[in-house]
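Hi,

Here is the structure I promised to pass on. Have a look at it first, and then read on for what turned up.

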Amino acid sequence: MAKTHLKMTVNGQAVETLAEPRELLIHVLREKLGIKGPHIGCETSHCGACTVDMDGKSVKACTVFAAQADGADVTTIEGLGGPDNLHVLQEMFREHHGLQCGYCTPGMITRAHRLLQENPNPSEEEVRFGMAGNLCRCTGYQNIVKAILAAAAEMAAAKEAAQ
Amino acid sequence: MNEMTPPKNERSAALKGLGTARKRVEDLRFTQGKGNYVDDIQQPGMLFGDFVRSPYAHARVKSINAEAALALPGVVAVLTAKDLEPLSLHWMPTLAGDKQMVLADGKVLFQGQEVAFVIAEDRYIAADAVELVEVDYEERPVLVDPMKAELPDAPVLREDIADTLEGAHGPRRHPNHIFTWEQGDKAATEAVIAEAPVVAEEMVYYHRTHPCPLETCGCVASMDKVNGKLTVWGTFQAPHVVRTVASLLSGIAEHNIRIISPDIGGGFGNKVGVYPGYVCSIVASIVTGKPVKWIEDRMENLMSTAFARDYWMKGKIAATADGKITGLWCHTTADHGAFDACADPTKFPAGFMNICTGSYDIPTAYLAVDGIYTNKAPGGVAYRCSFRVTEAAYFIERMIEVLAIKLGMDAAELRAKNFIRKDQFPYNSALGWEYDSGDYHTAWDKALKAVDYDGLRREQAERLEAFKRGETRKLMGIGLTHFTEIVGAGPVKNCDILGMGMFDSCEIRIHPTGSAIARLGTISQGQGHATTFAQILASETGIPADDITIEEGDTDTAPYGLGTYGSRSTPVAGAATALAGRKIRAKAQMIAAYLLEVHDNDIEWDVDRFVVKGAPERFKTMKEIAYAAYNQAIPGVEPGLEAVSYYDPPNMTYPFGAYICVLDIDVDTGEAEVRKFYALDDCGTRINPMIIEGQVHGGLTEALAIAMGQEIAYDEIGNVKTGTLMDFFLPTAWETPNYTTDYTETPSPHHPIGAKGVGESPNVGGVPCFSNAVNDAFRAFGLTHTQMPHDHWRIWKTAHDLGLHA
Amino acid sequence: MIPGAFEYHRPESVGAAVKLLAELGEESRVIAGGHSLIPMMKLRMADLSHLIDLQKIDDLKGIRIEGGRITIGAMTTQHELITNAALQDAAPILREAALQIADPQVRYVGTLGGNVANGDPGNDMPGLMQCLDASFTLVGPDGERQVAARDFYEAAYFTARADEEILTAVSFDAPQGGYAYEKQKRKIGDYATAAAAVLIARDGDRCTAASIAMTNLADTPTYSAEAGAALVGSGLDDEAVKAAVTAALSAIEPAEDNRGPVEFKMHVAGVILRRAIDRAWSRA
């Protein structure tokens, strides 16, 4: 099948690549663009390991065709923070032991980022409900929830300090 | 000491050694999406392999036609058993002394079995080609129920060994029978049961499930024909064992094989075995001369690699009228699937199922396990437990409850009455183990007090009355469990895998500036070894944990080890690490004495330095000693500061714990909601409390899943009914409760630092605890036992059968 | 799990999409959020040559509330149903139901149109639309037509929509009175073991109107006029509720699956419906 020319913005950078329409966004990111933070876990849109932010929405990149993502603005874990500018969620996941094998972590943090954008001061229940599209096999979620609540508090404090 | 020397406690804290809730060094890369998992590995010219799999559970393979697949542009080759046969790789040995087809050799024995391996330029082409391979099957009668395996009309599954009456573990009485394994005294136990005033009986089924780590299995095999070197990156919980097996199978000399376990996205036992995908990838790389990647998809993972459990445990437990247990009898029918590929130490075909006397002083016991072939996937791995320990714990903790009902006794009191007492350790069990240490009564009392057990029982009684009055449709269940594990396999005298003794190893190099690297034969899959092993070494060598790199998983650099599973890393490799650290310290002492111009015995260790006895102002820090080791000629001492230790444990370790769960059951819908879960673990010396807590949370959640719905279910013709995460239950944050953790600390007397291992305890103890809570909710209505998994409809059925919907 | 190859089209108007669908014929399908279709394609259970993506058609988006009539474009996502304040005021049952569908990520992309159009008996919106007596707008080569939700579903994956038609909008009158969407499922992300949509209007302590439909208990959603009628005129006494539940259960035909056997499903269907009726009545 012929490949088509694909343009996206990924982590703030304009990117172009060739892909078959059927190629999944997760494969394009990981194999064509070298963005390996998002992972593949279940392939049926249940586990959320492949979660990326697309046009301001948390989506499962294993269930998006490359062609559908043409023109989209995509943010992955790599776009949230790096060695010199860790995102507070990245810090809080470490601080509160919100990860073990690390495989779900990029998807978790990317999803949590969008959750806190929409609800900066969530309750524990809202965090658990809002994170229910992401599976973790290691942590039992308790420390993930703790990390997200701590990040929300940190972000609120930083915002207050800035005002 | 001089004025510049910080006090002891400050120096000690700076090391971040044993007992510190040290933040994990792994997390920086994982939180930034910079982990390196097997599917992240890309090699120039890399090809992709994908399997044609059997849609049938039992069929003859009459022909395989790959013409159309080979004609597809981008397809490089299609391998079948015929291609592997000249290399003698169409079958492979299993860890359990059986053999397994790599690719279907004339027939298939389970749905999802590997039939042909397509190699193509990318994974899309490979998947298209899989669709084009035409396989002509002739269906055969299917055997799903192990209880029917030896009936006259049962189909013979393993025609290859139908006439072999002697198996790897003794005589076979039927072509579908694998082994009988007996432990304990049958005649004495049956005599006790015959005469006992009280005997409770139950069939306890621990259903088939799957470890299902979030990352599936996979590998990249790369044969470098120029240098004659084979490199395989893969999801291997035991990389050195894979290297040895790969060498024996392929004929490639072991020094020319390099196995690398990169970051592993969870294992839980799934990644111990050697799977056809690995073998086919290696062959494909040898054939094509290019790197070949194979990554399972989730359905393949659930259908073909590494099921767990599937034990039918028939039990009888005898006691005096006042509740002193006098005997335990168990017969287990073990459904092993189509090949016996259980990952157990060689001499233990049913693992350590003979720990099934649990935490109790049971004077007489007997266990027999019959392994059976069925048309299901092979495996029988230890899913977050030491070999069959979770089956054993589930069995005994259910039998205790059933006995309590028969006696009309409170189950907490029955347990306390029968615990092995602290003064009985080391304790020799009726089924042959020497329990190293324990203090069960202390843990139990602490747990009951922490949850206000008496108050819970009062609340339960009130709820029951309200239910009977029609004021509520919810019943309250209180689940109790006191489990004892046996982990840290194991002593080389009785534990081996494929002939390799189950020691483990650590090699340490101290650098001239006083930092260090240590390499081990284990491999973390999320346990945080890079964090905790550095803590052990910090306490042993006085080098701050932050200055120690831990490296695992590369067989070219790491010393030989048996890998990570069965909670063996801390008990075995952790001990090797401590002992290697002590070797470093012993040499450091000689160097320090030389530098301080005193006799070796005139100096003593003080956190991070050697000081002259009685002259604390005279000392040499480990940092100074390290520098001297490389920069100063010291008479009679070799330059450098390195050590290696291979540790053969004298015994297993026996972690234990007391768990209590409270849940509410909606009898009309079958829904259960966990309201409280208290977990007290005693894993001996605690290396990193933060990581221990994380392990307990995670293990309990896996236990919740198993107890409440997670299963690999088959229909009557051997189709897998639970092949995706829609139906294979993994709870989300929404279904998962909060847990309260607690501990007691009873160090192992034989382990260098007293540690016992903890990663698997919450799974071993959690499953019976959740299940006991469900059963307990219905105790007042006459229920003695209902089978897992306790999903909505099974709970509803229990309520229905008890007349609660009338 | 790798889907087969196809050609991709992204028309910018309904007319263009309908034209493509007609031209490309049987082996073409429209895709909205894709979270039903893409997994099917990955499992190679759906085979097609052309995919017509509706994401760029602005006419298919948006929620309009005019004179008590609510019209929702087919490409409106579950997330938008949940977060639209005006819709929450006018028809809160949509939010209540949408929150019980799949998980957050799926709700960001899963659309109302996709949920009602593909005919999967597990989907929640079809039953709700029958309860609301919604009307579906279908546009094909011969123009536009309306089909009542209650007439739309024929069998699992078979609906009144012709192959060359596109479902462009759903519309319904803003419901009056109390409402409830009650769903039992095994976990977040699961389809219903049993689910019920209930609307009840009351005058004093009398029920003046009631509408009841159920989800995933037959190969189509099951609206039961008899069930609603059993409540009308009553004060929701036990007898009336029992009659309503009995009527609704006589309309369903659950199949055994991993969620449980028929006997169990029949029982929980009754329990869930009763809870939905109680909740709707308490809100009426």
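Start with the way two helices of chain A cross: α4(A) passes α6(A) in a right-handed crossing. Keep in mind throughout that this is a predicted model. Two packed helices are described by the angle between their axes and the distance between the axes. For this pair, the angle is about 45 degrees and the axes are 11 Å apart. That angle is why α4(A) counts as oblique to α6(A).

Which residues meet there? From α4(A) come Met108(A), Ala112(A) and Leu116(A), and from α6(A) come Ile144(A), Ile148(A), Ala151(A), Ala152(A) and Met155(A). Sorted by class, this contact has eight nonpolar residues, with no polar and no charged ones.

Now for where the chains touch. Here 46 residues of chain A are in contact with 42 residues of chain B. On the chain A side, the elements giving two or more residues are α2 (77–80), α3 (88–95), α4 (105–118), α5 (124–130) and α6 (142–162). So you'll run into α4 and α6 of chain A again here. The residues on that side split into 20 nonpolar, 17 polar and nine charged.

Last, chain B. Its domain assignment gives domain 1 (8–35 + 504–647), domain 2 (38–140 + 216–264 + 272–304) and domain 3 (307–489 + 652–801). Taken over C-alpha atoms, the centres of domain 1 and domain 2 of chain B are 40 Å apart. Their contact takes 14 residues from domain 1 and 14 residues from domain 2. On the domain 1 side, four are nonpolar, eight polar and two charged.

Cheers

Methods: Residues numbered from 1 in each chain as written. Chains lettered and ligands numbered in written order. Predicted model: local features only at pLDDT ≥ 70, side-chain atom pairs only at ≥ 80, totals over all residues. Contact = placed C-beta atoms within 7 Å. Helix = DSSP H or I, 4+ residues; strand = E, 2+ residues; numbered from the N terminus. Nonpolar A, V, L, I, M, F, W, Y, C, P; charged D, E, K, R; others polar. Axes fitted to C-alpha atoms, helices over the stretch in contact; angles between N-to-C directions. Parallel < 35°, antiparallel > 145°, perpendicular 65-115°, else oblique. Left-handed = near helix turned anticlockwise from the far one by under 90°. Domains from an automatic or database assignment.
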